[in-house]
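Please look over the sequence and the structure below before reading on. The text that follows takes the ligand site, then the interface between the chains, then some local features.

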Amino acid sequence: MTTGIGARIERKEDRRLLTGQAKFVGDIKLPRQWEAAFVRSPVAHGRIRAIRKPEGMADRVFTAADLSDIHPIRAESSLPTYNASDQYPLAKDKVRFVGECVALCIAPTRAEAEDLAEQVEIEIDPLPPVIDALKAREADAPLLHEEWGNNLFLTTFFDGDIETLRKTAPVVVEREYSTARQCMNPMEGKGTLAHWDEKAGQLVVYTSTQVPHLIRTGISECLGLDQGQVRVIAPDVGGGFGYKCVLQPEELSVSWVARKTGRPIRWTEDRREHLVAGANTRQHHYKLTAFADERGRLLGLDAEITVDVGAYSVWPFTACLEAAQAGGNLPGPYDFGTYRCHTFSVATNKPAFTPYRGVARPGVCFAMELTIDAIARAVGREPSEVRKENLVPAGKMPFTNVTKKFYDSGDYPESVAQVERHIGLAGFRARQQKARAEGRFLGIGFSTFTEQSAHGTKVFAAWGLPLVPGYEQAMVKITPSGSVEVRSGNHSFGQGLETTLAQVASEWLTVDTSRINVTMGDTGVTPYSTGAYASRGMVMAGGAVSKAAEVLAGRVKTHAAHLLQCTPDDIRLADGKAWFGNAHVGFEDIARAWYLRPDQLPDDVETAGLEVTEGYKPAIDTGVFTYATHGAIVEVDPDTGMVSIEDYYIFEDCGRRVNPMILEGQAFGGATQGIGTALFEEVLYDANGQPLTSTLADYVLPGPAELPHFRLGHAETLSPYTRHGIKGVGEGAAIAPGGAIVNAINDALTPFGIEINAIPATPEKVLGAILRAGTLREASG
Amino acid sequence: MKPSPFEISCPGSLDAAHKALHENPRGTRIISGGQSLGPMLNLRLARPSRLVDVTGLSGLAEIRQTDSHVEIGAAVTHARIEDGEVPDPIPGMLRHVAAGIAYRAVRNRGTIGGSLCHADPAADWVTAMTALGATLLVRDGSGGAREIPMSGFMLGAYRTSMAEDEILTTVRVPRHSDRARWGYYKICRKVGEFADAIAGFVADPESRVCRVVFGSTGGAPLVSTELAQQIATTGAVPPLDTVKTVLRDSGLTLSDVKIHQLAIAHSRAVTEALSDA
Ligand SMILES: Cc1cc2nc3c(=O)[nH]c(=O)nc-3n(C[C@H](O)[C@H](O)[C@H](O)COP(=O)(O)OP(=O)(O)OC[C@H]3O[C@@H](n4cnc5c(N)ncnc54)[C@H](O)[C@@H]3O)c2cc1C
């Protein structure tokens, strides 16, 4: 069996992950290491009057005053209306959210560090908090960053001739939608262990990150060190989802203290810190007006999007990536001509917004897909028919949409048709009627999206980011014993990249993946990469490994030709051997000749050797678009408001599937997170900005019993623009569940004449809406 | 999330446990399975300087049966009850309730006594034991013992009528006749989480017992004699509106959604109890 591209092989990393042999930051123990605990702000908004360290603890407790030589995290952007923020790793002058770090305490153990943290006294003059992003836009709202004169990180405007449509469109549908603030909840939270390595003259930082090379840049800039003085090592990372793709304030303060004290210092985020200070994603509000013809054909869309960004702008992705993506991606897979969109990225007294798996698209997909169903109801047609008619037809590919997104390939309407077929739309309406007669409320919902993956240099540059990804590099090498080493500066934290990159190398070199070792995440030994985000890992790192492996395969052939007395063109690689007709030499023979017995090779041998580093960028810079349709059948219990998912079908097209099993795992995991977004997860605040969901008893994640048995189908439309036709897929499945499930809920609730337009659709929300509808009916009847 | 420093002692006898409690009643807490106290310690919401572990006390892990009662030691775990180690005071109810608490990992350590003493309004045993008319045996520091009926045990959220120096030793559950029926229904957002609404119903024609209890009301379980009487006389499930009126008039602060969920839990519990008659 070959282990190249397309092979359904088990993951190389799973043995250590599943048997407790993996090495996370929390598993590393260095001599003289101490632990850190943070004193965090107890109030949402306030001015720091005093911080008092306990007696005799000046060298164990650190505040902004101690870290006076550190540069704040400041993500600049070239976008016109942008306001930048300064985030000090330990709050200086003001605190802007509950959970913001105020002081760092060190002790031999975490418990002792927490004992110490309790004794630190902080005096804060409270200021009125800004909790509601819509109110924060108002003129008299309290200000987070006074110097701006408002609470707006960014506003954007995309103009279109909506006014004409308003006069002429036969069907107008107006809605407001909202999505809750969420925490990403990777199994492993953040964690950082820093120490000064005197021999290397380097600050060595083990940190749980998706982007080690970026963090190296961030740490060196904020700490004023040359990049050569910083080495960042991301060991095993227990989930990222975007939470770990930005420079973390804790990475800076821990590094500073480690350097100052000369002691290895470690901090491990606990779940409570995560649920309070990591409540940083997903919260959007939409005001949409859609214009359509009598058949529900979309003519135009007028949108106002408000993103509740929180207090600071994260580095390097800024506070604007979310709204930029939301505004740009709202039209999604649909083909229509007129679009107008205002976006507001609003500062509130909450943790700093960080892009989460799907970045903005779970929100836009939810808003757009509910709107499509609302239009269908308005014109009295089956929503999936209306959906199919509005999607970009296959015949128009490649297609540039209203926001200038370049859709490279695919058949979007067919993905809906596939889900219709597999989930059984044809027989469903009759079944639904019958169930209603028995007092049971079933509903069906669909949701289609495109996922821009591996967007390149120009896309990021257009978003105004301070740091723009370019080429991706990888190194592939044959060891003296004929096995293969792959090095990539990207990182794997659950996506299985260790396996899939080995498969790509195996595709060219034909060596079994069990003999291919993949090293990632250590800036000391891997080529530069901006890291793993934006579903770019497989496309970019995969492409780079592919290119390097291809060049290396050529070199192998050259050496093999010497040994087999033929020309390189005569050589064929198979089963980890070089063949000339029926004669062959193994990789071990070739490697031995090159490394140990070069006397066997001719004098004019090519000296470049069996180690190749190559850079890669896809043929286009605009990203390659994966797409999918999700379909759900739900039953709503109108007495309890509980929603159960009876069936869930996903049809997706992500180009070449490097490892189908890993892809399925990504789909199941992503859809599970999407179900959390749709039905369960919600960070709640009281009027003072105090989080009410600071334990997992209050912040409800879906568990195995709440999940459906996902079913999955695939098309493989290869991207014409990437190596092997690969498209990114890591984020996709998290995008659509909100739309599919809530469309299904609303379909089920049609007899009540109500719609749910906010997620999560908790029993309380659903039942509340049903009860209010009942009261209304009683009152009007 | 590490607790503040504490010592822990594991006495072998009630007297030794009481002695430990007596030395510093304010700073000492009893710990049983630690499934409620543990999180409170880690969140530093509870900060005792000493813990007294009662799981090793003689008799506390025992299960006995008399002619009239089943007696469950306070330190008997939910898992043991789930697995059927406790004789049935009424066929199947204890196993059903135990199996619905949290996850197996929590049930392996969490105990019936700990659950009752913790007095979480949304917990299961406080409601189920009220429906079953159980009494609690407690011992004080001077060796005195008293019985507290469930109806007078829980005073409010996390408040009971036990004194600081009292230890719960035994839960006494009356044995019901073969003709007894029960229903227990809870509405949970997620398997293993605390319920949003609980209703318990127990009726025994032989002993002329009929009890209706609501749990997860934000305070002590709510007992409705009015509904119980109505069911006893009509043998039918009361209409939803009647139940809602009872809940609305209960004096508790309950949202419309909560009232509806409690009323639905009630009718499902009673329907279940009456349907297999
Ligand atoms: C994730 C999770 C989910 C849960 N879900 C549910 C659920 O669905 N339903 C439910 O009912 N419960 C649930 N629980 C709570 C669980 O049932 C606990 O086991 C129970 O509440 C406490 O029992 P314990 O033995 O662990 O008590 P501990 O935590 O040890 O003690 C609890 C309290 O009781 C006191 N105490 C304990 N024993 C005695 C005694 N003999 N005499 C006097 N005082 C005593 C302690 O001092 C403490 O104040 C859940 C818990 C968790 C962690």
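Helices and strands are here DSSP runs numbered from the N terminus, a helix being H or I over at least four residues and a strand being E over at least two. In this predicted model, helix 6 of chain B contributes the most to the shell around the ligand, namely 4 residues.

The ligand has 30 residues around it, and those that come nearest are Ile30(B), Gln35(B), Leu37(B), Thr111(B) and Asp124(B). Sorted by class, the shell around the ligand consists of 14 nonpolar, 12 polar and 4 charged residues. An N or O atom in the side chain of Ser36(B) is 2.7 Å from an oxygen atom of the ligand. Two or more residues of the shell around the ligand come from each of strand 2 (28-31), helix 6 (112-118) and strand 10 (167-174) of chain B.

The next topic is the interface between the chains. The size of an interface is often expressed as the accessible area that is lost when the parts come together. For chain B and chain A, the area buried between them is about 2,000 Å², and 57% of it is on carbon and sulfur atoms. On the side of chain B, the residues that lose the most area to chain A are Met1(B), Arg189(B) and Lys190(B), which together account for 33% of what that side buries. In terms of contacts, 20 residues of chain B meet 30 residues of chain A.

How many salt bridges does the rule find across the interface of chain B and chain A? There are 6 salt bridges across this interface. In one salt bridge, the side chains of Arg44(B) and Asp115(A) meet with an N to O distance of 2.8 Å. The rule also finds 13 residue pairs in polar contact across the interface of chain B and chain A, with both residues at pLDDT 80 or more. Helix 10 (residues 256-275) of chain B supplies 6 residues, the largest share of the side of chain B that touches chain A. That side of chain B divides by class into 8 nonpolar, 3 polar and 9 charged residues.

Over all chains, the structure holds 79 salt bridges. Within chain A, Arg266(A) and Glu35(A) form a salt bridge in which the closest N and O atoms are 2.9 Å apart. Arg266(A) belongs to strand 12 (residues 265-268) and Glu35(A) to strand 1 (residues 34-40) of chain A, so this pair ties together parts that are 231 residues apart in sequence.

Some backbone features of chain A remain. Arg32(A) is a residue other than glycine with a positive phi, near 70 degrees. Arg32(A) is found in the loop between helix 1 (14-18) and strand 1 of chain A. The peptide bond from Trp315(A) to Pro316(A) is cis, with omega near 5 degrees, and Pro316(A) is placed in the loop between strand 14 (298-310) and helix 8 (321-329) of chain A. The peptide bond from Ile759(A) to Pro760(A) is also cis, with omega near 5 degrees. Pro760(A) sits in the loop between strand 29 (758-759) and helix 19 (763-780) of chain A.

Methods
Residues numbered from 1 in each chain as written. Chains lettered and ligands numbered in written order. Heavy atoms only, no water. Near = heavy atom within 4 Å. Polar contact = N/O pair within 3.5 Å; in protein donor to acceptor, adjacent residues only side chain to side chain. Nonpolar A, V, L, I, M, F, W, Y, C, P; charged D, E, K, R; others polar. Contact = heavy atoms within 4.5 Å. Buried area = accessible area lost by both parts, 1.4 Å probe. Salt bridge = Lys/Arg side-chain N within 4 Å of Asp/Glu carboxyl O.
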